[in-house]
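Try each one before you read its answer.

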Amino acid sequence: MMFSPKQNLKIHIALGNTDMRKSIDGLSILVSEKFNLDPFSGHLFVFCNRKQTILKILYWDRNGFCLWHKRLEKDRFQWPRSKDAVMTIGAHELAWLIDGLSIHQKKAHKPLRFYSVF
């Protein structure tokens, strides 16, 4: 089954690297204490290891935590660099990241928001 986040979810990525020995408990504590976010919100929290070969995505699903894990056998994820601890991205950016692309796609269509028809 392919991991497919809903379009209206917030997706928070933990910039820098995370110790991938952490599982649900350790990652949920990071979300709560280090990033000051609610791990029970249902939003996605994405973590990457130092070598940028492993992603983990933690989220709360109604009555329990889920942990999605992807390990690359070759190549690396294009993990963004920033001075911030957490970055919020959209579902498209997460899909690009999982596919090995940068979250900053120059040729991607920009979202449009209209407030009236005419």
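Q: Which residues line the largest cavity?
A: This is a predicted model: local features need pLDDT of at least 70, side-chain atom pairs count only at pLDDT 80 or more, and totals for chains, interfaces and linings use all residues. Residues are numbered from 1 along each chain as its sequence is written, and side-chain values use heavy atoms, without hydrogens and water. A cavity is a set of points on a 1 Å grid over the protein atoms alone where a 1.4 Å probe fits but cannot get out, and lining residues have an atom within 4 Å of a point. The lining is His12, Ile13, Ala14, Val31, Phe35, Leu37, Phe45, Val46, Phe47 and Val86.

Q: How many residues in that lining are nonpolar?
A: Ala, Val, Leu, Ile, Met, Phe, Trp, Tyr, Cys and Pro count as nonpolar; Asp, Glu, Lys and Arg as charged; the others, Gly among them, as polar. The lining has no charged residues, 1 polar and, as asked, 9 nonpolar.

Q: What kind of pair do tryptophan 60 and phenylalanine 65 form?
A: Their ring centres are 4.9 Å apart. The planes stand at 80°, so the pair is edge-to-face.

Q: Which residues form one aromatic cluster?
A: The whole structure holds 3 aromatic pairs. One cluster is formed by Phe40, Trp60 and Phe65.

Technical notes
Rings of Phe, Tyr and Trp (its six-membered ring) pair if their centres lie within 6.5 Å; planes under 30 degrees apart count as stacked, over 60 as edge-to-face and the rest as tilted. On a 1 Å grid over the protein atoms alone, a cavity is a set of points where a 1.4 Å probe fits but cannot get out, and a pocket is an open set with protein on both sides within 12 Å along at least five of seven lines; lining residues have an atom within 4 Å of a point.
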